[in-house]
Amino acid sequence: MITPKLDGIGRTWHVLDNGVIDPAVTLLCVHGNPTWSYLWRDMLARADPRVRVVAVDQLEMGFSERTGMTRRLQQRVDDLCALTDQLELSGPIVTVAHDWGGPISLGWAARHRAQLEGVVLTNTAVHQPPGSRAPALIRMARLPGVLQLVCVQTPAFIQATLELSRPRLAKPVRDAYHAPYRSAQRRAGIGAFVQDIPLDQSHPSAEALDGIVADVATLRDIPALLLWGPSDPVFSDIYLRDLEARLPRADVHRFVGVSHLVPEEADVAGVVHEWVARRGAPSTSTSQSLVAPVSRAPAWAALDRRAGDADLAMIEMTDHGIGRSISFAALDADVRRVAAGLVEHGVARGDRVALLIPPGIDLTVCLYACWRMGAVVVVVDAGLGARGISRALKSATPRHLIGIPRALTAARLLGWPGRRISSVAMPAGVARSLAVSTTLDELRARGEGRPVPPTPTDSDPAAVIFTSGATGPAKGVSYRHHQLQAQRDVLARVYDINADDRFVAAFAPFALYGPAMGVPSVVPDMSVTAPGTLRAVALAEAAEAIGASLVFASPAALANVIATAGDLTPRHREALAKVRLLLSAGAPVPSSVLRAVAEIMPNAEAHTPYGMTEVLPVSDITPAGIEAAGAGNGVCVGRPLAEVSVAISPLDVDGHATGELTTHADATGEVCVQAAHVKDGYDKLWVVQHDSAQPPYWHRSGDVGHLDDQGRLWIEGRMIHIITTANGPVTPVGIEQAVESMAEVGHAALVGVGPAGTQQLVVVVVPIERRRRPDLAPVALAERVRAVAGVDIAAVFVVPALPVDKRHNSKIDRSRVAKWASAVLAGGRMRAL
Amino acid sequence: MRVLVTGATSLLGGAVAQRLQARGDHVTVFQRRPSGLGFREVLGDVADRSAVDAALAGVDVAIHAAARVSVVGPWSAFAETNITGTTNMLDAARTAGVTRFVYVSSPSVANAGKSLVGAPAGPADPDSARDNYSRSKASAELLALAAATSGFSVVAVRPHLVWGPGDTQLVGRIVSRAREGRLAVIGSGAALIDTTYIDNAADAIVAAADRAGELSGRALVVSNGQPRPVRELLNRIALAAGLEPPRLRVPVGVARAAGAVLERAWAGLRREDDPPITRFLAEQLSTAHWFDQRETREALGWQPSVDLDEGFARLESWFLARRNR
């Protein structure tokens, strides 16, 4: 392509163009430095027939002309405009850009508002956020003498860019990136491009970049997609945050673990085409259509109602009895004070505030104070460990972080984002060393007597919650106020919770709802990171302290309560006999556990809600209900609640849930849920959110199961644990239960080995008679397992224990079991599982 | 139809001939020694062209199962039987007006010594074959498939580890070693191995003969589709024969090294019997070998009719009957 007027003499461009005539939309792809249009090859290869894709090599770059002139930012924007004029691009256009192609594409976009339908940016920047420094690699490359050496005289800058990718790019791909830059003369533009980055205001391109920053402000209403590789040492998350602030309506997806060359490491082409295809379609925000006309009370309404009430609202237990406590009146006053204090401290409505405080009064005060003044709380499951918390916070990027000293120390050491606030008083020296800006007590003092700030609306964001997933890094799940209100109201109705109730909150998510329901609660003495350490005595003393009628606990906690029930005194047992309802959530509860619990809490009706971080509860079942359901393929979790619609998306032969939603009995597929208390979305995971909200306004749970002819829901396992054999998909839970029904078997896991579509089934059992190391099961045991399984099992192993997830201490990590079995069955060593 | 089956003294060749006869086909068998199976019989060596011509006279369908299957021996011996023999069969079949030709092959023709996990058939590759048997079978399969023309359909069927009552290869060797207390498990013994019960292999070959017209030029791996850990297979075969399961364990590295030494020793001594272990065998017994059967089942319109449990039960009855005789 030649632009005849450019530079007065005409310039020759290398352009990839699929040449679609009369396209529905055109993607204008702009590479950065030191790449070329090869970066966008998948974008062309995977384009829909009606989508035109134009990927340019900028002048001085790739296979475009070497003009012998220095082309600064403003010139490059002009160049691109000249090229698109020459190409006579018609119809709607979406710009797609990477690295320093970002500002150039935005400059172009601002001049083509009439045609512009969207902006896609990946690992780029338009502005150096205050207080941050330019990327070290760029600063290094700009050092006197270094620039020519690394960018021009040698291909070092190209090599370094290509080496940022993990796993390492394949040789043919690396060669292709080098192809247009085989000599120093060909590489001159790379040096000039680095030289043109305005690191300060005196730079010749500083004004042009300022102009582009101003342009971006005019693009606020344009649909935007930000695709980010957060492991990029050049364009780190701080630039994503900067762009998010400038394009507040942007869809964002962070590809965890991906580095600088995002299109090489993640499915950028697939995501962009999907995003472009559904531009104009409604948001997939799961419950947006269900912002019901129902008006619900705000989270703090019950506190307001009991503002003059001296009754106890919350008690904290310690290892030597009752610790701190607070009345409803004091709690309401404290929440108002701290809310006002937060505003005084500079926390703005919509700001994210991470709360790294164990369950108790301080957490409750901070939580309700944030909600009251419109801040969005970021809550991270302590069970994720330092690494997982780090990852979650770097993704959520809270503006403020309130924590106990241990969390603040970790924040300092690991560089967690957010201005730090200590939940406890600390010496000035310590506060300084931890870069703590203020303390909770100071916030109280500053908020005292101040007017309570205006409250957020029901549709404002309220929380981003990270819980430990069964697989992969935790995903941030975002909720708006109306969704949390709906959750509170469902819980209150289903479990008939009223002002006379008192509850023991040994399960974090529900612990937070006591004040919202106006119900006094007590936090037992237990470790937040290890629910399996709750002792029977600790539970009983908490119940006694508050006169508990309700107990919320995880199955792991209950298991330990049973194990330590021998320590209970008659007084303890008397307190526990007053419990009317036991709620055990988070994972299936073995019926043996429920029976044993019935001895400790004889008057409690045990309930197990089914649900997940994204929507809880979905259904509910009691031991009587489990008994009535009998044996079946999976775990019966009861009928969907009145507030919830459940439908199944049936599996195809490949084990994918591609079927139309159905409520027909016995269709096995992905469990899909619709309810007013479903999550708003996944935070900065546009792709995940998009995939989870299909069809629109439903939530795909990731669980596989079926409805029976009585309308009861049965869970057969996780979608990712479906095994695809030559005879069709197989779900694990039903077969595992059959194997676990054998007297000689404690636990069992069913996994698949081999390629999808032709996998073989493998059963791994933990025998009652413990083994010290893993081995193949003796032939006789293998035969008995095959007989009860009723399907062809290629191999049966006996192992000392199965890996389970940390949070629930009960969900089998089948992916890990499958990986282990695959290695051993391929002929590898019989290593420990 | 009139069918010639070569190698009818082998377990598989004999079973195929019996199946065809049972359904009413006119069967001729061709091998070096009398089979004693009561078929119309032509005796001779596949490497002898005139004998092959005589056997194929008037035949519609040829099923070529004859092969040299030993684990040792000089290349020339394998080349003569397996390559020259197959070339003779192909040429003579075309001359005789045969329209369908089934070449009984082996999955080892496409096995480069790595573990095969739900593997597709893959093209035969003599260059990467691990021993003389596989290399000669790979060359012959390539020649056979290349010989296919519009009027002469050729299909290669690769049954994996065929076994059953009367099997002298797999079952015979395992049982005689178990009896002598020399049966060893190499490595963990957990490598998943596909096998094929004799009836299923024979059915698959008959199905291939029937469908050769539409499958011409293709190679299909056949197995029971029920892979098992190799140790479990050894145990079950030993148990079926009324013997103790193997107790010896040999590390993989030791087995490979021993195989390398013994192969050289056997070659030097020009011994024709089987050495206790070869590198190929050590590999086969310590790496997974199982196959994606979807394409085969679809192509042949065939399913195994005897599952492993039934197969082992039949093997046990057979051993019981022999002991009681």
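Predicted model: local features only at pLDDT ≥ 70, side-chain atom pairs only at ≥ 80, totals over all residues.
Which domains is chain A divided into? Domain 1 comes in two pieces, 2-130 and 205-277. Domain 2 covers 136-195. Then come domain 3 at 297-456, domain 4 at 495-613, domain 5 at 633-719 and domain 6 at 722-825.

Now the chain as a whole. Chain A holds 31 helices and 36 strands. Its C-alpha trace spans about 95 × 75 × 50 Å along the principal axes. Take the contacts in chain A with a separation of 6 or more: 68% of them join residues 24 or more positions apart.

Next, one pair of domains. The C-alpha centres of domain 1 and domain 5 of chain A are 38 Å apart. Where they touch, 7 residues of domain 1 meet 5 residues of domain 5. On the domain 1 side, β9 (251-254) and α12 (268-277) of chain A each supply at least two residues. β9(A) gives the most, with 4 residues. By class, that side has 3 nonpolar, 1 polar and 3 charged residues.

Last, the partner chain. How many residues does each chain bring to the contact between A and B? Chain A brings 19, and chain B brings 25. On the chain A side, α30 (779-789), β36 (793-798) and α31 (814-825) each supply at least two residues. That side of chain A divides into 11 nonpolar, 6 polar and 2 charged residues.

Note on methods
Residues numbered from 1 in each chain as written. Chains lettered and ligands numbered in written order. Domains from an automatic or database assignment. Contact = placed C-beta atoms within 7 Å. Nonpolar A, V, L, I, M, F, W, Y, C, P; charged D, E, K, R; others polar.
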